Amino acid sequence: DPASLVQVLFHLGEMVTATQSVNEETLQLLGTELEYDVQIVSPEDEDRELLESFDIDFGSDEGDDSDLVQRPPVVTVMGHVDHGKTKLLDAVRHANVVAKEAGGITQHIGAYQVTTEVDGAERAITFVDTPGHEAFTAMRARGAQATDIVILVVAADDGVMPQTIEALNHARAANVPIVVAVNKIDVPNADPSKVRGQLTEYGLVPEEYGGDTMFVDVSAKSRINIDGLLESVVLTADAALDLRANPNMPAQGLAIEAHLDKGRGPVATVLVQRGTLKVGDSMVAGPAHGRVRAMLDEYGNNVEEATPSRPVLVLGLTAVPGAGDKFLVVDDDRMARQIAEKREARARAAANAKRRARRTLEDFMASMEKGETQELLLILKGDVSGSVEALEDALVRIEVGDEVNLRIIDRGVGAINENDVNLAIASNAVIIGFNVRPAGKAGDLAEREGVDVRYYSVIYSAIDDIEAALKGMLKPIY
Ligand code: GDP
């Protein structure tokens with residue numbers, strides 16, 4: 001039980017509490033001490049093992065070198081806010097030959113493919129339609145990497161800004177080559193060479209200065225040189241990457257986005273990474289499964305097949321997969337269902353474990369009584385700044401003796417939002433809402449993650465509860 005583990009760790013010189021996360025080294029130490037063989041597996045490892053038990057090897061192309069054919073690069077657009085990411089994605093959508101003929105890309109399915117002519121050859125590029133590094137990094141956090149190349153947008157009038165560097169770092173961490181789009185060259189005070197100089201300082205050296213990064217001056221708004229940008233993406237892919245995949249195998253790839261459609265049921269945009277996805281295939285996507293009833297492209301057209309790097313909207317799944325979930329085609333419906341059910345069960349177990357590990361005021365009290373905890377962390381939210389200040393004043397004045405400590409890690413005016421809940425998750429804090437409620441999805445998130453959110457409209461009730469918790473006398477709420 002947790003308390004004994006804490007004790008063993010204490011003897012090993014590790015001061016931890018029962019609800020705290022410990023690192024791999026500590027877990028190994030604990031295993032050795034208790035004579036257990038500890039194996040640490042990531043969710044990705046677990047999934048790989050699960051698939052292996054069905055004789056499926058996710059992530060590798062079947063066959064040998066001669067089976068591999070060139071596939072288009074997959075691109076994500078990143079950059080500082082307002083530097084033109086959305087506008088650029090729009091411009092690319094319109095610059096494309098196919099789109100012009102078909103009357104433009106009409107459907108937002110989460111990704112789209114365009115073509116451009118490079119050295120007389122027609123080349124395709126797939127764009128992920130969600131700009132910014134958040135989606136990119138959220139996927140990576142789940143062990144999924146969809147992006148081959150990052151277009152880093154920098155406004156020529158504004159230059160390098162904090163999120164430019166952030167995006168640069170995210171792309172680097174993922175080992176993804178960068179093409180810089182120097183945007184807004186149409187504005188009078190644009191200074192494209194300044195952008196080049198600034199980024200050189202961060203190690204992104206333009207080709208014309210002897211480096212290996214392509215910088216392309218564009219205007220997303222006036223649609224200047226979009227073709228040049230597309231060409232640079234293809235050239236960078238050819239120079240830096242060997243993008244090939246086997247189209248002749250059961251399809252595998254990633255779900256990029258998905259939702260529940262009123263008429264059509266669960267719909268998911270998937271990016272095929274290898275193999276060819278066909279209508280009628282039995283597939284698993286995260287915890288969802290089903291037979292592909294129909295596939296639509298970004299023009300809203302029905303398609304029968306999707307080859308590597310092609311994004312398509314898939315109809316026919318039983319549930320909505322998450323962004324970054326791996327999908328794969330298997331032999332039959334039964335196998336698809338079995339894999340999906342196992343994934344679902346595992347996800348549920350993980351969610352439960354996480355919920356159990358979160359701290360409520362009651363848990364705090366319990367672990368304090370056992371001498372495991374010395375500090376209660378709070379986040380305060382109130383309707384007006386006066387009430388937040390009054391609450392904070394009163395809380396810090398609670399006399400609790402030396403052995404426990406109360407720390408207010410954040411306070412603010414307004415509804416409890418997802419940021420507050422995420423902070424509480426990250427630091428195991430309790431949220432106190434004074435005359436405020438959760439906004440948007442914050443309530444659901446708190447519920448799902450087991451974050452203790454307490455609501456008060458009288459300062460003294462809040463003080464009483466916290467004081468009682470700190471003194472180990474909180475009455476349970478029924
Ligand atoms: P995001 O936050 O990076 O997605 O930026 P947006 O694409 O929303 O663009 C922010 C603002 O800059 C909008 O008002 C755009 O119209 C404007 N904008 C984007 N690209 C250009 C450009 O090439 N030239 C000019 N003059 N304005 C641009």
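Asp-45 and Arg-48 sit three residues apart in helix H3, so about one helical turn separates them. Residues three or four places apart in an α-helix point the same way, because the helix has 3.6 residues a turn. The two side chains meet in a salt bridge, with N to O at 3.2 Å. Asp-45 counts as partly exposed because its relative accessibility is 26%. Arg-48 is also partly exposed, at 40%. This is a predicted model, so every value here is computed from it.

**Salt bridges**

How many salt bridges does the count come to? The count comes to 22 salt bridges.

| Asp-45 | Arg-48 | 3.2 Å |

Is Arg-123 buried or exposed? Arg-123 is buried, because its relative accessible area of 18% falls under the 20% cut-off. Asp-238 is partly exposed, at 38% relative accessibility.

Asp-242 counts as exposed because its relative accessibility is 58%, over the 50% limit. Arg-244 is partly exposed, at 29%. Elsewhere, salt bridges with shared partners join four residues into one network: Glu-46, Asp-47, Arg-343 and Arg-346.

**Helix H9**

H9 covers residues 226–240 and has 15 residues. From first C-alpha to last, H9 reaches 21 Å. That is close to the 21 Å expected at 1.5 Å a residue. Which residues of H9 are buried? They are Ile-226, Gly-228, Leu-229, Leu-230, Ser-232, Val-233, Val-234, Thr-236 and Ala-237.

**Aromatic rings and charges**

A pair of aromatic rings is described by the distance of the centres and the angle of the planes. The structure holds one aromatic pair. Tyr-112 and Phe-127 form this pair, with 5.7 Å centre to centre and 20° between the planes. The pair is stacked, because planes under 30 degrees apart count as such. Tyr-112 belongs to strand S3 (residues 111–118), and Phe-127 to strand S4 (residues 121–128). The two residues are 15 apart, and the pair links distant parts of the chain. Both Tyr-112 and Phe-127 are buried.

The charged end of Arg-274 sits over the Phe-58 ring, 5.4 Å from the ring centre. The charged end of Lys-326 sits over the ring of Phe-58 too, 6.0 Å from its centre.

**The loop between H2 and H3**

Helix H2 spans 24–34 and helix H3 spans 43–52. Tyr-36 lies in the loop between them. Tyr-36 counts as exposed because its relative accessibility is 63%. With Leu-5 and Leu-34, Tyr-36 makes a nonpolar surface patch of about 310 Å².

Glu-35 lies in the loop between H2 and H3 as well. Glu-35 is exposed, at 73% relative accessibility. Glu-35 is not a glycine, yet its phi is positive, about 60°.

Ser-309 is another non-glycine residue with a positive phi, in this case about 75°. Ser-309 lies in the loop between strand S15 (305–306) and strand S16 (311–317). Is Ser-309 buried or exposed? Ser-309 counts as buried because its relative accessibility is 2%.

**Pro-2 and Ala-351**

Pro-2 lies in helix H1, which covers residues 2–11. Pro-2 is partly exposed, with a relative accessible area of 48%. How far apart are the C-alpha atoms of Pro-2 and Ala-351? They are separated by 19 Å, although the two residues are 349 apart along the chain.

Definitions and conventions:
Residues numbered from 1 in each chain as written. Predicted model: local features only at pLDDT ≥ 70, side-chain atom pairs only at ≥ 80, totals over all residues. Heavy atoms only, no water. Patch = residues over 30% accessible without salt bridge, like charges linked within 9 Å, V, L, I, M, F, W, Y side chains within 5 Å. Areas by Shrake-Rupley, 256 points an atom, 1.4 Å probe, with all protein chains shown as cover. Helix = DSSP H or I, 4+ residues; strand = E, 2+ residues; numbered from the N terminus. Buried < 20%, exposed > 50% of the residue type's maximum accessible area, 1.4 Å probe, protein only. Phe/Tyr/Trp six-rings, centres within 6.5 Å; stacked < 30°, edge-to-face > 60°. Lys NZ or Arg CZ within 6 Å of the ring centre and 35° of its normal. Expected span 1.5 Å × (residues − 1).
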